Amino acid sequence: MMPGFADNARRIVQEMIAKRQGQHSRWRITPTVLGYGQLATQAKIATVVMILGASVTTTVSPYYVRTSFILSQSSWIMGERAAKNGSKRVVTLVNEWAPGTEAETAFKQRYYRARRANH
């Protein structure tokens, strides 16, 4: 996780709550959203989470709603395509945030299932 993002998000949300500014917020980076979920829940702040690739982000608060995709969806498709196109050796390179590891897992699962199905 990138240092500081979650801490800064918590601080900003705490300031918003203290000043009673806004009844909603929006964030775009997974560590940020994970960092202040409890505050959003306690303050009952509706939050739109955009462009966050991990499925876990919307489980952090009942006040979160996702308006985009999760990265594992497209990775699943790429894994199937690689297997069906005959790729026998695949290398993945991902970040260690939740979206990266989740995407890699989806890719590998689909790749190996599709390879077994094609043989």
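How do α4 and α5 lie to each other, roughly parallel or roughly antiparallel? This is a predicted model, and the close-ups below start with that pair.

**View 1. Helices α4 and α5 side by side.** Here we look at α4, residues 71-84, and α5, residues 98-118. Their axes come within 7 Å and cross at roughly 30 degrees. Angles under 35 degrees count as roughly parallel, so that is what α4 and α5 are to each other. As for handedness, the crossing of α4 past α5 is right-handed.

**View 2. Where α4 meets α5.** Zoom in on the residues that touch. From α4 come, among them, Leu-71, Ser-75, Trp-76, Met-78 and Lys-84. Across from them, α5 brings residues including Pro-99, Phe-107, Arg-110, Tyr-111 and Asn-118. Sorted by class, this contact has eleven nonpolar, five polar and six charged residues.

**View 3. Ser-72, a buried residue of α4.** Ser-72 sits in helix α4. With a relative accessible area of 12%, Ser-72 is buried, because anything under 20% counts as such. Skip its neighbours within four places in sequence, and Ser-72 is in contact with Gly-53, Glu-102, Ala-103 and Ala-106.

**View 4. The largest nonpolar core.** Ten residues make up this core: Ala-9, Val-13, Val-33, Tyr-36, Leu-39, Ala-40, Ile-45, Val-49, Leu-52 and Tyr-64. Two elements, α1 (5-19) and α3 (37-43), each give two or more residues to it.

Terms used
Residues numbered from 1 in each chain as written. Predicted model: local features only at pLDDT ≥ 70, side-chain atom pairs only at ≥ 80, totals over all residues. Heavy atoms only, no water. Axes fitted to C-alpha atoms, helices over the stretch in contact; angles between N-to-C directions. Helix = DSSP H or I, 4+ residues; strand = E, 2+ residues; numbered from the N terminus. Parallel < 35°, antiparallel > 145°, perpendicular 65-115°, else oblique. Left-handed = near helix turned anticlockwise from the far one by under 90°. Contact = heavy atoms within 4.5 Å. Nonpolar A, V, L, I, M, F, W, Y, C, P; charged D, E, K, R; others polar. Core = buried A, V, L, I, M, F, W, Y, C linked by side-chain atoms within 4.5 Å. Buried < 20%, exposed > 50% of the residue type's maximum accessible area, 1.4 Å probe, protein only.
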